[in-house]
Amino acid sequence: MQKIETKKDYQNYVDKVSPNSPSMLNFIKAFCVGGFICVIGQGINDFWLLQGLEKTDASGATSITLIFIGIALTAFNIYSKIGKFSGAGSIVPITGFANSIASPAIEFKSEGLILGVGAKLFQVAGPVLVYGISTSILIGFIYYITTLGA
Amino acid sequence: MATKKLGKQTVCFSTPPVISSTYSIVGPKEGEGPLGKYFDLVLEDEFWGEKTWEKTESKIVKECISGCLGQEPVSNEDVDFLLSGDLLNQCVSSSFGIRERSIPYLGLFGACSTFVESLALGSMLIDGEMADTIIGSTSSHFCSAEKQFRFPLELGTQRPPTSQWTVTGAGAALLKAGGNGPKITHATIGKIVDMGIKDANNMGAAMAPAAIDTLYQHFQDTGRTPEYYDYIFTGDLGKIGKKIVKELIKTQGYNLDSNYEDCGCLIFDGETQDTHSGGSGCACCATTFCGYIYNQLKSQKLKKVLLCATGALMSPTTAQQQESILGIAHTISIEI
């Protein structure tokens, strides 16, 4: 074993001795769970269409239903277990967004409704909203410019 | 003239203070771990009847100090100073935990090295004839630490294999100027060691260089070798940090292969308890010492122990500002 002299040497050594996350297994789990959530979403969508809703209304109702399920599973301490198993598979769908809002609400309830729940509600989801909305504005602007002559 | 200073960083106590009693409280997960039977009190749930994690942690501190005092015919008035610290901002668990006691109090922050810091300072106060009776204690709580340093508990995320699990619990030790019991003979105070690690999910790697630095300095200052001790324990390096210490200390000329363990590896069963690299937090070293190691010393299964608690000096703000994680380690030598 060589003596470690510099921070760079140490970082390289740490990278060597630290185990990596099992990426391939995590990809497969994320794909399966994420896919399964989408299948459920499709089932819910079909259910609302059967109830006689228009296509766009059925999409909205499906999102609302999935958000409700995501929050309910968060409240019953189930979503964190799904998240631990599936990683991005349960973060990316809209249920993950619901979880990211509901979990700070539960955690910071003890600091009151204003400075706790109110101020911390978007602790995790805030960046997603900021950059999601910013990107949509940018893309919308590009779309507007490129279709001006059309 | 500092007559008790030995070498660069070590203090040698001329009348070594006695660890007269200890008390440990842990959460349910720690109670189910390999050291479960050694703890004085195992909680049934993480709330312990309180409404917030912070209140629970304060209650753990309060009851742990009561338990420690309850083991001896010692009252509040007999305690000269209480040295305590924890991980929460402004050390609130300690302050709120002891607010009903009228004991002169010094709040400490050395992150997870605080337990040994409190015993080292307490020993200096006693050996310097400034106190006869001192309590040193520290606490941490998995849920309050997650809330402060990471994400809300209910957020569905994965933890990398290098991450560690903050121990829920507290440990308190009563130091006395005389009497029977294990004695603190030396204390080696560590320097801040920054090896540039920025990954807050790999605290073991961030703190290991500090442990190596302090252990090396302890051996240099005292002229001892690792073989002098029956066992050497580090505080909360976990599996990765322990491996780094074992490998890299060899390049400094010391071998720890036969008598070294880390409290973070002892307190949980990594295979069945899903704690990844192992335990961490102020309470990791404190409860393992006050529960398991102190028991081994009292029963004379271990007679000479070196306890090296390691801490990561950082805050969520410094981590977000891309600062590296500073490591620190303090060591005490305990002999029976």
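Which residue just after α6(B) takes a positive phi? Gly223(B) does so, with a phi of about 75 degrees. The legends below concern a predicted model, in which local features need pLDDT of at least 70 and side-chain atom pairs count only at pLDDT 80 or more, while totals for chains, interfaces and linings use all residues. Residues are numbered from 1 along each chain as its sequence is written, chains are lettered from A and ligands numbered from 1 in the order in which they are written.

**View 1. Helix α6 of chain B and its end.** Helices are DSSP runs (H or I, at least four residues) and strands are DSSP runs (E, at least two), numbered from the N terminus. The 20 residues of α6(B) should span 28 Å at 1.5 Å a residue, and the end C-alpha atoms, 28 Å apart, agree with this; the expected span is 1.5 Å times one less than the number of residues. Because 16 of its 20 residues are buried, α6(B) is largely enclosed by the rest of the structure. A residue is buried if 20 or more other C-beta atoms, placed from the backbone, lie within 10 Å of its own, exposed if 12 or fewer, and partly exposed in between.

**View 2. The crossing of α6(B) and α7(B).** The two helix axes come within 8 Å and cross at roughly 35 degrees. Axes are lines fitted to C-alpha atoms, for helices over the stretch in contact, and angles run from 0 to 180 degrees between N-to-C directions. The crossing of α6(B) and α7(B) is right-handed, a term for a near helix turned clockwise from the far one by less than a right angle. Residues of the contact include Ala208(B) and Ile212(B) of α6(B) and Ile244(B) and Leu248(B) of α7(B). By class, the residues of this contact are 9 nonpolar, 3 polar and no charged. Here Ala, Val, Leu, Ile, Met, Phe, Trp, Tyr, Cys and Pro count as nonpolar, Asp, Glu, Lys and Arg as charged, and the others, Gly among them, as polar.

**View 3. Chain B against chain A.** In this interface 27 residues of chain B are in contact with 31 residues of chain A; contact requires C-beta atoms, placed from the backbone, within 7 Å. Both α6 (203-222) and α7 (238-248) of chain B supply at least two residues of the side that touches chain A. The largest share of that side, 5 residues, comes from α7(B). The side of chain B that touches chain A has 13 nonpolar, 8 polar and 6 charged residues.

**View 4. Glu154(B) beside chain A.** Glu154(B) lies in the loop between α5 and β8 of chain B. This residue counts as buried, because it has 23 C-beta neighbours inside 10 Å. Among the residues that Glu154(B) touches are Thr74(A), Tyr79(A), Ser103(A) and Glu107(A).

**View 5. Two loop residues of chain B with positive phi.** Asp274(B), although not a glycine, has a positive phi of about 55 degrees. Its place is the loop between α8 (263-266) and β13 (279-280) of chain B. With 12 other C-beta atoms within 10 Å, Asp274(B) is exposed. Gln322(B) is likewise not a glycine and has a positive phi of about 65 degrees. Gln322(B) sits in the loop between α10 (316-320) and β15 (326-335) of chain B, and is exposed, with 7 other C-beta atoms within 10 Å.

Technical notes:
Contact = placed C-beta atoms within 7 Å. Lists of a residue's contacts leave out its neighbours within four places in sequence.
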